[in-house]
Structures are given as C-alpha cells and as structure tokens.
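Please open the structure in a viewer in which residues can be selected by chain and number.

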Amino acid sequence: MKQYDAIVIGGGHNGLVTAAYLARAGKSVLVLERRPRVGGAAVTEEIFPGFKFTMFSYVVSLLRPEIIRDLDLPRHGLHILPLESTVTPMENGDYLAGWADHDETRRELYRHSPRDAEAYDEYGRLMHFMAQAVKPILGMVPPDPTSFAPGDLAGLLKLGKHFRGLGAERLHALVKLMTMSSADFLDEWFETDVLKATKSASGIIGTFLGPRSPGTAYVLLHHYMGELDGVFRAWGFAKGGTGAVSEAIASAARSFGAEIRCDAGVSKVLVRTGRATGVVLENGDELPAGIVVSSLDPRRTFLQLLEPEHLPSHLVADIKRFKFRGSSGKVNLALDALPSFTCMPGVGRQHRGAISISPSLDYVERAYDDAKYGEFSRRPYMDIVFPSMIDPGMAPPGKHVMSIFVQYAPYNLNGGWTDAKREAFGDAVVNTVESFAPGFKSQILHRQVITPLDIERITGLSEGNIFAGELALHQLFFLRPAPGWAKFATPVRGFFQCGSGTHPGGGIMGASGRLAAMRILKDGK
Amino acid sequence: MSYDALVIGAGANGLVTAHYLARAGKHVLVVEQRHAADPSADIGWVPDVVIRDLGLARAGLRIEQPDPWITVPLAGGRGGGGTLELSRDIGRSVEAIRHISPSDAAKWPEFCNRMRTLAGVLERLYLVPPPDIESTDARELARIAGLGLYVRRRGKQTVIDLARILPMSITELLDDWFESDVLKGLLGALGIWHLKQGPRAGGTAFNFLHHHAGSPAGVFRPPRSNVTQALSALPGVEVRHGERANVLAPNGRATGVVLEKSGEEILAPLVVSSADPRSTLQPVAIELDPEFGRAVDNIKARGVVARGTLTLESTPAYSTLCIAPSLDYLEHAYDDAKYGRDSATPYVEVQKTDGRLELHVQYVPYTDGAANVQRHQALQLRVAQVLGAQPSQVKLHSPDEEELQHGSTEGHLYHGELTLDQILFMRPVPGWSRYRTPIEGLYLCGSGTHPGGGIPGAAGRNAAREML
Amino acid sequence: MSLRTTPFHPRTGPLSEGQAWRRWAGYVVASSYELSHDREYHAIRNSAALFDVSPLYKYLVTGRDAARLLDHVVTRNVGKAKVGQVLYTPWCDNEGKQIDDGTISVLGDQTYRMTSADPTLRWLHLNASGLDVKIQDVSESTAALSLQGPRSREILQLAAERDLSSLKYFRLTSAKIRGIPVTISRTGYTGDLGYEVWVDAAQAVPLWDAIAETGAPYGITPAGMLALDVARIEAGLLLIAVDYFSSRHALIESQKSSPLELGLGWTVATDKERYNGQAALAAEGKRGPAWQFTGLTVDWDSLEQLYADVGLPPRLPSQAWRTSVPIYDRGGHKQLGYATSGGWSPLLKRYMALAHLGSAHAEPGTEVRMEVTVEHRRRQAKAHVTALPFFNPERKRG
Ligand SMILES: Cc1cc2nc3c(=O)[nH]c(=O)nc-3n(C[C@H](O)[C@H](O)[C@H](O)COP(=O)(O)OP(=O)(O)OC[C@H]3O[C@@H](n4cnc5c(N)ncnc54)[C@H](O)[C@@H]3O)c2cc1C
Ligand SMILES: Cc1cc2nc3c(=O)[nH]c(=O)nc-3n(C[C@H](O)[C@H](O)[C@H](O)COP(=O)(O)OP(=O)(O)OC[C@H]3O[C@@H](n4cnc5c(N)ncnc54)[C@H](O)[C@@H]3O)c2cc1C
C-alpha cells in the first residue's frame with residue numbers, strides 16, 4: 001500500500017489549501033473527504049435541476065491574496081465578481097443603501113444624516129487602518145505568552161513592537177475593537193440607527209451574541225479585513241458560487257500532485273507511541289502516512305479522531321469548554337422571478353448586491369433575544385444575495401436563486417430541532433422577507449432550509465458553528481483552540497490541525513490551512 | 001485668600017487627593033456642591049496604604065466585613081424555601097452550598113483560590129497609575145515588564161486565566177464551574193454592578209473580579225465603610241459645602257474655579273476635579289482639541305443603578321440580602337434596560353450598614369435626565385414586591401434623579417462604566433489615563449479615572465502622587 | 001440616480017460641445033465647454049470667464065457664539081472681521097496640520113458663510129460643543145457663479161445696475177440682478193479681477209441668463225475646470241488633494257502640511273485666543289517650517305535642449321498636470337522636494353510649477369532640477385525657484 005508523506009482529513013477549503021501547499025513543496029499528499037464532493041462549508045450544489053445553490057457560505061472577501069497568487073487560483077477557474085451594493089429596507093418603507101460609487105453613497109447617507117455622511121469616510125479610513133494593523137497577525141503563528149521559549153519570547157516582542165508601532169490613536173482604536181460591542185463602537189461614530197444596525201450586523205455573524213454584546217466589534221473587524229489589498233472591492237461573489245473556490249483549490253492541489261479521495265470518511269487517527277502513523281477510514285481501511293493533518297473543528301480533531309488517553313487531561317477539558325453554539329441558518333430558494341421590495345420597487349441594481357434585513361438596532365437585538373432563550377428569531381436578521389444576478393449560470397435563464405443567510409437559529413433549540421421546526425423556521429424567514437417584499441412568496445419555486453443541526457450533519461461543523469468555534473476574544477490567537485496548542489501542532493507527534501478552529505479562524509480565508517502547511521514544512525526541515 | 005490647589009468634590013477620592021496634597025505642604029480648598037456629606041455608606045475596598053498614609057483608623061474609620069457576607073432566599077421565595085448563606089470561612093460556605101449542589105460545593109474552594117489570585121493581580125495594578133503602553137521611557141517600560149513578570153510568576157495558569165477570563169462573560173465563567181442557579185445568580189450579580197450589560201456580556205467576568213479586589217478568598221461582596229465621613233473628619237484641608245464649581249481655563253490653562261451660584265472666582269495654579277470627567281470637561285470644551293472633546297463625549301456612563309433605603313419595622317438578621325435567583329433572571333432584567341425600560345423584575349440587594357438598610361436596584365436605565373413620577377412609583381412598587389415590603393418603605397434615587405440633582409453625567413455612580421474599553425490606559429479617555437488633561441494645571445482624580453469606582457481612595461491617591 | 005447636476009445645469013448642459021465633464025464634490029461640472037479649453041482660459045485674462053462653482057461646500061453659521069466657533073476652528077481672526085468682509089483662511093487639527101482651506105464671509109452680525117473644499121459639517125459640530133451656535137449646510141440650497149476677468153466688473157455693474165468700483169478686494173455686498181437677490185463678493189480662484197455671485201438655487205437659471213446676456217457684448221465666455229486650473233497655478237493658489245492633503249485624510253504623517261509650509265503663514269493669527277493648532281503653529285513659527293511652498297519656472301533652453309537631444313522640438317503639457325514630480329538640486333542627485341501641479345502659461349509663455357521644497361532651498365532664484373519625461377526617458381530640466389504668484393495684475397486689487 002502506498003505510504004503518503006501526509007494525509008489531510010477533510011476536503012474543505014482549508015484542508016485543500018494545506019494539501020496544495022504540502023504538495024507544492026514536493027510531499028506526496030492524500031486528502032480524505034467524507035462527503036461525495038470537496039468544499040465542506042464552501043460548496044455549490046444543484047439541489048433542484050438547473051438551480052445551483054451556494055449551500056452554506058455565499059460571499060468571499062477574506063480569501064488571502066497570497067494564496068490566490070501562490071496557487072495561481074485564477075488559472076484553476078477562480079473568478080471573483082464584485083457585489084455592488086448593500087440595501088437595507090426599513091420598516092417605514094424607506095431604505096438605506098451603500099453603492100459602489102463613493103459620491104453616491106455619501107449622498108445617500110446624507111439623506112439620513114449629514115454628519116454621518118462625513119463620519120462614514122473617517123470611519124472607513126480607521127477601519128482600513130485597523131484591518132491593516134491586524135493583517136500581519138493573520139499571517140503569524142501565535143506566540144505562546146505562557147512559554148519562556150526563545151521563539152515565543154521573540155514572537156511576543158515582535159508583536160509588542162508591531163502594536164506600539166501603530167501609534168497611540170490606532171492602538172486605542174484596536175483595544176476598543178477588541179473589547180466593545182459593535183453597537184457601542186458604532187455609536188461613537190454615527191447617529192443613524194439603520195446605518196448602525198446594518199454595520200453592526202457583520203459583528204454578529206457566526207456568534208451567539210447580539211449587536212450590543214461586547215466582543216462583536218472584533219467580528220466586525222474580522223469582516224472588514226476582506227476590504228484590504230484593493231484587489232477585490234469589499235465582498236465578492238465567486239463565479240459558480242463558493243463551491244467553485246473549493247474546486248479551484250482542489251484543482252491546484254491536484255496539479256501539484258495531491259490525491260483527493262471523496263466518500264472516504266476518517267474514523268480515527270492511528271497513534272503509536274505518541275506518534276501519528278496514519279488513519280482508519282469509516283469502512284475500516286487503514287492508511288499509513290508520515291504525518292496526519294486534520295481540518296476538522298477542534299472538538300472532532302481532539303475528541304473524535306483521537307482517544308482521550310493520547311491527550312493531557314487539561315487539554316481535553318479546554319476543548320470540551322471551547323464554545324461552538326451555532327446560531328446561523330441558511331435558506332436557499334429557487335425563484336420564478338426576482339422579488340420587488342417596497343422600499344425600492346421593481347428589479348434593478350439592488351438585486352446585484354446584498355439586501356440586509358437589519359432595519360434597526362432594536363430589530364437585530366430582539367432577534368438575538370429570541371435565540372438567547374432558546375428560540376429561533378421570529379423576525380430574523382438576514383443577509384440576502386441573488387447569485388444568479390451576478391453569475392447568470394447559477395439558474396436557468398430568466399429564473400433566479402436567492403441565498404438567505406439567517407440569524408438567529410440556535411443549535412440548542414428548546415425541545416430540539418425537528419422537521420416541523422425546520423419548516424417553521426423556513427416560514428419565519430420567508431414571511432419576514434414577504435413583509436419587505438409583498439408578493440415574494442408566490443415567486444418561490446423550491447426551498448431548502450438549513451438549520452445549525454443540518455450544518456453539523458452535512459459538513460461536520462460541531463453545533464453548526466460556521467467558524468468552527470466562536471470568534472470570541474477568549475477563543476482567538478494563542479487561545480485558539482486551546483492555550484499551548486495554538487500553533488497547529490497537537491500533543492500527538494506528527495498530528496496537526498489546519499481548520500478554521502485554529503488561528504486566525506473562520507470564513508473562506510485559507511489562512512489557517514496555509515499557516516499550518518508552513519508550520520509542517522518548517523518542522524520537517 | 002490664596003490656595004495652592006482646589007479640589008472639586010468632597011467624595012472619597014476628592015478628599016484623599018486633597019489630604020495627600022495638604023500633607024505635601026500645599027494649601028488646599030475642597031469645593032463640594034452638597035450641603036452636607038452623604039450619609040450613605042461607601043462601598044468598596046479602601047486600600048490599606050490610604051488608611052495608613054492618612055491615619056484614617058484614628059479618624060474613626062470603620063470597615064464592615066459582615067459574616068455571613070450574603071443571604072439569598074431559596075426557591076419558594078420570601079423565606080419559604082429557606083436561605084443560602086455564604087460565610088467568610090470557605091469551609092462553612094462549602095457546607096452551605098452542599099445543600100443545593102454537592103458538585104458546586106466541591107468546586108467552591110478551588111474557585112475561590114483562582115479568583116483570589118486574579119484579583120491579586122488587579123490589586124497590584126490598581127495602586128499605581130495604569131501602565132503606559134505607548135511610552136518609550138525606559139523606566140516605564142521596565143515597570144511594565146515588571147508587571148508582566150509578576151503575572152508570569154503567579155504561574156502559567158494565571159496568565160491563561162487572565163487572558164481567558166477577563167474578556168469573558170460572567171455567565172460563561174460561572175457555567176464553567178457551577179450548576180446551581182442560586183449560586184450563579186448571586187455571584188453573577190456582582191459581575192453586572194453598574195454596567196449597562198447583562199451577565200452574558202463579555203467583560204462582566206472582569207467586572208466581577210474588579211469588585212472582588214480587596215476581599216479575602218471566598219468573599220464576593222466588597223466591604224462597606226464610612227471612609228468619606230472619616231476623611232471629612234480629618235483636619236488639614238478646608239472644605240466649602242453647598243457650592244457647585246466649574247473649572248476656569250482661559251486659553252487652555254486652568255486658573256481656578258468659578259462658583260455657579262455666586263459667580264465668585266477662586267484662583268489657584270492647580271485644579272483637581274473628582275467630579276466625573278464629562279461634567280468636568282464639557283464646560284471647557286472650547287479649550288480642547290475637538291478630537292479629545294469627542295473622546296470625552298464618548299465616555300460611556302450609562303447609569304443603570306438606583307440607590308435608596310429600605311425602612312423596616314425591625315432590623316433584619318441578614319447583613320446583605322440578594323435577590324438575583326439566576327443568571328437568566330439577571331439577563332431578563334437587563335433585556336428591559338436594553339430597550340430603555342426599568343426591569344420588570346429587577347435585581348435588588350439590601351445592604352445593612354450601621355443599622356441602615358441601603359438598596360442597590362438594577363436595572364434602572366438613565367433615560368433623559370428628567371424626573372418622572374409615574375415611573376418612579378412603578379419602580380418603587382416593583383422593588384417592594386421583590387422584597388415583600390410595602391412601597392412606602394422603599395425610597396429610591398434613580399440615575400435620572402442623580403443627574404438632575406447633582407449634575408453627574410447620566411447618573412452613573414462610577415463616573416464611567418467599567419468595561420474593558422474603559423479601564424487601565426483607556427480610562428477616562430485613551431491616552432490620558434495619567435490623571436492629567438490637555439488643560440494645563442487641570443487634573444482628574446475621581447472614579448472616572450483609573451482604577452475606577454468601587455475602590456474609594458485609590459484613584460485619589462494615584463492622582464495626588466502623579467501631581468506631586 | 002447617478003451623479004448630481006448643479007442648479008445651472010439646464011444652461012451649462014447644452015453648452016457642452018464635447019460632453020467633457022468631471023466630478024467635483026459629487027456633482028458633474030464642465031471640464032471645458034468647447035472642444036479645447038484655450039479660448040476659455042484666455043477669456044479669464046482678456047475678457048470675462050463665467051464658472052459654475054456651485055459644488056463648493058457652504059455652511060451658514062449663526063448665533064451668539066458663531067464667531068467664537070469659527071475662531072476656534074480657523075487660523076485667521078474672525079472676531080475682528082467686519083460685516084462685508086471675506087476672509088480666506090486655512091484650518092488645522094490640533095497638531096497644526098492643515099485640514100482644508102476656504103473662505104468665511106461676514107454676512108451680518110452673528111451671521112457667517114463658510115465655504116470649504118471638503119465636507120466640514122461634522123468638524124464644525126465637533127468644535128461647537130457647548131457653544132450657542134447654529135450650523136446649517138446650505139451647499140445645495142445656495143448656487144454660485146464666478147465671473148473672472150478684466151471685464152467682469154463692467155458686466156456685473158450692468159447686470160446689477162449699480163456701481164461696484166467701491167467694492168474692494170475680499171469684500172462683499174448684497175445686490176439684485178434682474179430682481180434676483182444675490183450676494184456679490186469680490187473673490188475668485190484666478191488671481192484676476194473677479195467676483196463670485198451667490199444665489200438661492202431656485203433662482204440659478206434666471207441669474208445665469210441675466211449675466212450671460214449682459215456679458216455677451218463684452219465677450220463673456222462660460223469656462224470649465226481645465227481653464228481654471230491653469231489660471232490658479234499662475235495665481236499660485238493651492239488645491240486640496242493636489243498640492244496638499246487634508247490632515248484628516250492623510251494616511252501617513254509625512255502627507256500632512258502646516259499652513260506655514262504651504263506659504264500661508266500670513267493667515268496664522270497671533271492675536272487671538274486658543275484655536276486648533278495654535279500652540280503647534282506657534283512652536284513651528286519659532287522653529288521655522290521645514291518646507292516651503294513655492295513656484296518653479298522651468299528653464300526653456302534646458303527643456304529645448306533635452307528634446308533636441310532626441311531630435312524633437314520641445315513639447316509642452318497641453319493641460320495643467322497634477323502629479324507629484326521630484327525636484328533635485330542643481331547637481332541632479334539630491335532630492336530637495338517635489339512639484340505637485342504644473343503647466344504652461346499661455347499668457348506668461350513659461351512652464352511653471354508649484355512645488356514643496358526644503359526650506360533651505362526655497363530662496364527665489366535658487367537653481368534646481370525638475371524631472372521630465374522625454375521620449376519615454378527620465379530627464380532633468382533646469383528650473384529656478386520663483387516667488388508666487390507668477391501672475392498678479394494690478395486690476396486684481398485695484
Ligand atoms: C451557513 C454558512 C454560511 C457561511 N457564509 C460564509 C460566507 O458567506 N463567507 C465566508 O467567508 N465564510 C462563510 N462561512 C464560513 C466558511 O464557510 C467556513 O469557515 C469555511 O468554509 C470552513 O472551511 P474549513 O476548510 O476550515 O472547514 P469545512 O469547510 O468545514 O471543511 C471540513 C471538511 O471536512 C469534512 N469532514 C468532516 N468530518 C470528516 C471525517 N471524519 N473524515 C473526512 N472528512 C470529514 C467535511 O465534510 C468538510 O468537507 C459560512 C459557513 C456556513 C456554515
Ligand atoms: C449618591 C451616591 C450613591 C452611591 N452609591 C454607590 C453604590 O451603590 N455602590 C458603590 O460602589 N458606589 C456608590 N457610590 C460611589 C462611591 O461612593 C464612589 O464611587 C467612590 O467611593 C469614590 O467616589 P469619588 O470620590 O470618585 O466620586 P463621588 O463620590 O461621586 O464624589 C464626587 C463628589 O463631587 C461632587 N461634585 C460633583 N460635581 C461637582 C461640582 N461641579 N462642584 C462641586 N462638587 C461637585 C459630588 O457631589 C460628589 O460629592 C455612590 C456615590 C453617590 C454620590
């Protein structure tokens with residue numbers, strides 16, 4: 001049997017990135033994916049004939065540009081198209097829009113608040129700086145502040161220098177972003193409620209927090225980082241959906257010689273005398289390998305693939321404590337025609353961008369209140385795009401697909417998720433959209449409702465947390481996934497982690513996969 | 001009459017600053033708007049060095065450290081289900097907790113020790129000015145390195161705990177340890193003190209530890225004292241009561257204060273305000289860099305606590321009665337405040353000091369600084385219901401009333417919330433944490449500065465030492 | 001939706017021969033009306049050019065503390081200005097770095113109109129904390145025309161049916177033109193005799209007609225931004241985002257400039273109470289600014305020679321340019337600074353540029369080298385530091 005240098009468990013985009021970098025460095029690599037296709041939470045599937053759904057993730061912006069260049073992804077089919085705008089319908093029939101053109105956006109904001117129109121530019125500049133300030137950290141293996149090893153001390157020193165180099169003003173802004181709620185942070189800049197609501201919404205994505213909960217400002221920043229590097233404007237949509245991103249990475253990995261095997265779920269990592277020697281598949285086959293890398297979330301990586309006896313007990317405790325608390329759902333629709341929103345009737349450029357259902361801060365906060373006490377939001381926050389308006393190939397000519405990202409849908413629903421509850425959740429979503437776009441329901445041809453439990457079942461992401469573990473301050477950097485084990489290694493020699501549950505965290509970013517590969521290659525030297 | 005220094009406000013911090021300055025030979029006048037000292041108890045850790053330096057023990061300082069330190073009615077309400085009482089003796093508390101949860105009882109000693117270690121780190125940070133992380137001064141860098149080393153010497157677990165726990169919510173922290181709603185409720189309540197946040201909010205674990213500072217392991221309510229009274233009794237500084245004072249600062253330099261009623265100007269080269277930073281600085285905004293002014297405006301000081309008194313026919317046996325039966329109870333109480341309403345079922349604590357029963361009621365959110373009789377009565381009724389008392393026995397003072405009467409910004413008794421973005425070098429505003437202001441000769445020394453409210457005298461002492 | 005047009009667009013729109021428009025503060029304005037801007041430029045210096053300057057940001061500041069607010073913000077002494085006066089002034093952040101520049105018109109007791117190149121409403125509000133003052137954004141409701149050139153006075157006198165000879169440079173007066181109430185200020189961005197006419201946006205079109213018709217026999221010529229750009233360089237007038245960056249937009253410290261470094265030392269008041277940047281400017285004044293903003297005249301023979309070297313006659317920029325160009329010492333090695341605008345002056349027949357030079361090298365007459373690209377190759381042309389303005393006719397103030 002072939003002995004691979006490395007086996008990567010999980011063919012999500014991070015696993016594929018790790019595999020591609022390892023293969024590029026000349027290693028023989030095998031990727032094992034449980035599902036019939038690669039992509040994980042970044043997949044495009046034709047659930048109804050002719051209609052392609054971006055099942056889970058739907059927009060890209062965080063994908064590290066160095067990965068695109070290193071792996072030459074455009075040659076493998078990656079094409080990211082700009083999302084032009086964000087329109088927020090308000091409950092009074094008005095709207096707030098951000099357009100691609102700066103002057104136009106300014107004028108629109110001015111309509112709501114002349115002062116906010118000006119503050120918006122300064123805010124944008126600050127966030128740009130902040131994203132820039134954090135960028136080096138995204139590309140850095142987190143040093144361990146509890147260690148006295150020279151490498152860690154040097155890392156800490158470098159980090160200290162970096163932050164001090166930012167200058168007082170930006171350093172303070174960074175502290176605020178790390179600690180505040182997005183609502184409070186935005187309060188320092190703006191007075192227009194709907195603007196704060198829409199902006200703060202990116203701070204709640206993937207969290208079990210409301211816009212007024214501290215810690216959400218950091219998630220806001222996390223989502224701003226994609227606006228960097230000038231290559232893509234803000235958020236983009238991958239031609240073919242996010243599945244096409246995974247396919248492009250897979251194709252790059254294969255071009256470097258990696259093998260990818262689907263329908264090959266892994267049940268255990270083989271460990272002999274504290275060292276990983278290969279994996280056991282769900283069908284019982286054993287595959288030996290020099291090293292094993294898991295792209296699964298920390299709970300699966302440590303508690304499912306390994307036996308507890310391979311791990312120190314405090315690590316087991318830390319991982320058990322690691323918070324997932326999935327809170328997001330997804331509704332994908334096949335449409336006969338595009339919905340017409342009361343605030344901006346007809347079909348137009350608003351359909352080429354995002355529609356944000358975040359009419360007020362209180363609206364979003366109330367959506368959270370429901371979830372806090374174990375219910376899905378009766379009127380949820382939603383981020384809507386029409387992929388077929390950006391890439392016509394996503395639906396039959398003249399028809400459309402609609403991707404609705406929904407919060408909140410708590411994994412631990414009172415009484416648990418059932419088929420009936422899933423449909424009730426789908427109804428809440430559809431009815432809420434209907435309230436902003438009357439007649440919309442009659443345009444629906446097919447509907448797919450995805451609860452956090454479904455996310456968990458399909459992709460394996462524990463509790464359906466979209467980031468493989470919450471992006472909370474106490475689960476970031478050297479604490480992700482656990483203190484002492486944030487550098488992609490594990491207590492089992494030759495067994496590594498490379499998924500979104502490691503630094504720097506979730507989203508279609510590829511950073512974890514790349515950093516892990518670098519770390520593994522450095523170790524091998 | 002000429003003075004070397006004027007201090008605005010005769011609260012604990014103002015008086016501490018005044019006395020440190022006086023002891024350094026300065027001729028000091030304190031101007032206080034109230035006609036007489038507030039009779040209510042001072043809540044919080046009075047640092048030993050302040051007591052020693054100023055000889056407060058001789059001035060009649062009394063610190064109450066009640067034992068048991070808290071009493072909580074158990075389900076069944078109003079005594080029907082008995083009570084949980086926690087004592088200063090950890091073993092006794094373990095026994096008490098065992099009745100409601102053996103598992104929690106087993107964890108109590110370890111929890112108390114871990115929290116004590118962390119609070120110890122805070123104590124060390126609190127008795128000195130906050131670290132200046134932008135400094136390039138070798139001595140300051142050495143001091144920061146020293147603090148870092150101090151923390152690391154407490155062990156790996158302390159470093160990890162600090163990084164993990166400070167940004168956490170008190171709910172997450174307590175869920176990590178305990179199962180009993182009652183226990184988590186009474187501990188969680190301390191985490192939300194004076195915050196417009198619920199127990200699920202990040203940073204409430206820090207707020208919990210902040211209020212644990214100065215207390216021995218196993219005691220999670222700060223001591224109560226008459227420190228302001230003791231300070232008032234101390235000779236050496238002149239205090240003028242009944243006068244509200246504003247800073248005079250023509251051309252960006254403090255020259256004294258002007259009294260609001262008479263317009264009288266009192267001049268001195270050094271002006272120190274223990275009033276909250278927003279109300280101190282807003283009147284002189286025109287002298288400030290607008291960016292600094294914006295930072296001051298942005299200080300979050302959203303009052304959420306109504307203080308008051310309870311009059312009962314007979315003195316109750318408890319020293320502190322806490323009505324916060326669960327974390328969800330607190331969270332629900334906060335939900336109301338989020339939308340600008342008083343909690344339908346507020347968290348209420350009765351603190352017995354010198355025989356007086358004082359009330360802490362949360363959440364009573366500041367709204368617009370106006371008095372609203374209807375709202376006041378409704379709140380009174382609810383508090384009475386929660387306590388099983390008569391409305392007439394409950395006297396309350398809401399944040400709106402506090403601002404109306406004393407001009408303290410949004411009635412926040414800590415002069416600024418103790419959230420992670422408003423502590424250490426971020427307090428009162430980022431970059432100005434060393435008690436100075438951009439106005440030459442004007443200093444701040446109140447709870448709005450490091451280390452903040454609930455530690456009477458610490459800010460006052462740090463500030464005085466910076467000035468001297 | 002798309003871009004906004006100014007209140008004069010019903011008239012300026014049809015005049016555009018080449019549909020050459022550019023953006024200004026979210027509006028479209030003409031780059032030039034004719035296919036080439038030459039004639040429009042010459043009208044500024046020869047007869048009268050009519051510009052639509054409505055996109056300027058305009059704020060009405062009123063109330064008891066109006067002067068106090070403005071004095072807190074800008075560097076010049078507003079409190080001392082009399083009704084009817086117009087002040088050109090920069091304003092700074094607390095570090096004395098320039099945020100923007102514009103004019104303040106004293107319309108009445110406690111009534112001021114401020115113009116700016118960037119939106120300034122928020123900054124005014126940030127500075128107004130605790131003051132008794134009202135700040136209104138009148139950018140949209142106020143339209144403005146600028147009539148510039150030697151014959152502008154004659155035209156405006158006829159249109160307003162009154163004598164304007166007593167209206168001095170940087171003064172304003174109210175008037176009526178065909179019954180339309182307007183404010184006329186003797187101001188402009190050309191360094192020539194000229195006026196700006198401020199009017200309620202609703203009356204913009206009839207005002208245009210009145211002035212255009214009255215001016216026709218005098219050679220009045222609607223002119224666009226290209227012509228204006230040449231004239232303002234001749235006049236040595238700064239352009240934000242070209243010749244300097246607003247300190248609130250600068251990405252790094254070195255992109256910021258102080259008024260002292262921009263040749264605006266004369267606007268920095270020393271006789272008023274604290275204002276934003278005062279302390280920093282006072283200290284800088286004592287130290288002496290590190291940079292100077294000056295004119296450069298590119299040596300014709302040197303330019304001709306560089307082209308002759310490759311067998312070409314000299315080529316001149318057909319429009320004013322707005323890029324950053326390095327300036328070296330006469331040896332051609334050490335960089336002394338950079339030019340930010342430049343172009344050929346059809347009137348003065350010389351190649352001029354506006355430049356930032358280290359203070360030690362900014363003495364008029366100093367010989368320097370400016371980088372020019374000659375047939376795809378970088379070359380250095382000889383140039384001399386020239387005091388600003390390049391062109392300053394008697395009639396401007398007379
Ligand atoms: C509903 C939803 C919406 C989202 N929206 C966005 C968005 O718009 N933009 C964005 O940037 N991010 C978004 N995200 C987050 C983003 O999709 C994920 O963070 C990212 O795709 C995770 O990539 P990964 O490779 O780390 O893990 P995954 O994609 O989870 O990959 C793990 C892979 O491992 C496989 N696997 C699991 N168990 C086994 C096993 N035992 N053996 C073998 N294989 C196994 C899984 O099938 C899966 O393919 C969204 C996520 C969700 C769920
Ligand atoms: C009514 C009241 C209730 C409180 N309740 C609690 C509580 O429940 N729990 C708790 O932990 N802490 C409470 N505190 C606060 C606590 O006493 C202080 O936070 C802390 O002990 C230190 O106080 P300080 O000196 O910094 O500020 P303060 O005690 O607020 O002192 C500031 C003083 O300055 C005076 N002042 C303000 N502005 C002016 C002015 N312009 N001119 C003249 N005088 C001025 C005020 O009247 C006040 O006496 C309370 C304070 C007050 C006033």
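Is Thr280(B) buried or exposed? In this predicted model, select Thr280(B) in helix H11 of chain B, which runs over residues 277-281. Thr280(B) has a relative accessible area of 6% and is buried, because the limit for that class is under 20%. Next, display the surroundings of Thr280(B). With neighbours within four places in sequence set aside, Thr280(B) is in contact with Val247(B), Ser273(B), Ala275(B) and Leu444(B).

**Chain B as a whole**

Now select chain B and colour it by secondary structure. Chain B holds 16 helices and 18 strands. Its radius of gyration is 22 Å, close to the 23 Å given by the globule rule for 468 residues, so chain B is as compact as a globular protein of that length. The C-alpha trace of chain B spans about 65 × 55 × 45 Å along its principal axes. Of the 468 residues in chain B, 63% are buried. Consider also the contacts in chain B between residues at least 6 apart in sequence: 71% of them join residues at least 24 apart.

**Two cis peptide bonds in chain B**

Most peptide bonds are trans. For two exceptions, stay with chain B. Select Arg427(B) and Pro428(B), which are joined by a cis peptide bond with omega of about 0°. Pro428(B) lies in the loop between helix H15 (399-406) and strand S18 (442-444) of chain B. Then move to His450(B) and Pro451(B), where the peptide bond is likewise cis, with omega near 0°. Pro451(B) belongs to the loop between S18 and helix H16 (458-467) of chain B.

**Two positive phi angles in chain A**

Turn to chain A and its backbone torsions. Most residues other than glycine have a negative phi. Select Glu463(A), where phi is positive, near 55°, in a residue other than glycine. Glu463(A) is placed in the loop between helix H16 (452-459) and strand S18 (495-497) of chain A. Its relative accessible area is 12%, and Glu463(A) is buried.

Continue to Phe488(A), which is also found in the loop between H16 and S18 of chain A. Phe488(A) is not a glycine, yet its phi is positive at about 75°. The relative accessibility of Phe488(A) is 0%, and the residue counts as buried.

**Two buried residues in chain A**

Select Ala258(A), in the loop between helix H10 (242-255) and strand S9 (259-261) of chain A. Ala258(A) counts as buried at 6% relative accessibility. Which residues does Ala258(A) contact, leaving aside neighbours within four places in sequence? They are Ala23(A), Val29(A) and Ala253(A).

For the next stop, select Leu96(A) in strand S7 (residues 95-98) of chain A. Leu96(A) has a relative accessible area of 5% and is buried. Not counting residues up to four places away in sequence, Leu96(A) touches several residues, including Thr86(A), Val87(A), Glu108(A), Leu109(A), His112(A), Val194(A) and Leu195(A).

**The interface of chain A and chain B**

Finally, show both chains and select the residues in contact between them. The contact takes 35 residues from chain A and 36 residues from chain B. Together the two chains bury about 3300 Å² between them, and 54% of this area is on carbon and sulfur atoms. Highlight Arg164(A), Tyr373(A) and His474(A), the residues of chain A that lose the most area to chain B; together they account for 18% of what that side buries.

How many salt bridges does the rule find across the interface of chain A and chain B? The number is seven. To inspect a salt bridge, select Asp184(A) and Arg302(B), whose closest N and O atoms are 3.0 Å apart. Between chain A and chain B, 12 residue pairs are in polar contact. On the side of chain A that touches chain B, the elements giving two or more residues are helix H5 (150-165), helix H6 (168-179) and helix H13 (361-372) of chain A. Coloured by residue class, that side of chain A divides into 17 nonpolar, five polar and 13 charged residues.

Notes. Residues numbered from 1 in each chain as written. Chains lettered and ligands numbered in written order. Predicted model: local features only at pLDDT ≥ 70, side-chain atom pairs only at ≥ 80, totals over all residues. Heavy atoms only, no water. Contact = heavy atoms within 4.5 Å. Buried area = accessible area lost by both parts, 1.4 Å probe. Salt bridge = Lys/Arg side-chain N within 4 Å of Asp/Glu carboxyl O. Polar contact = N/O pair within 3.5 Å; in protein donor to acceptor, adjacent residues only side chain to side chain. Helix = DSSP H or I, 4+ residues; strand = E, 2+ residues; numbered from the N terminus. Nonpolar A, V, L, I, M, F, W, Y, C, P; charged D, E, K, R; others polar. Rg over C-alpha atoms; globule rule 2.2 N^0.38 Å. Buried < 20%, exposed > 50% of the residue type's maximum accessible area, 1.4 Å probe, protein only.
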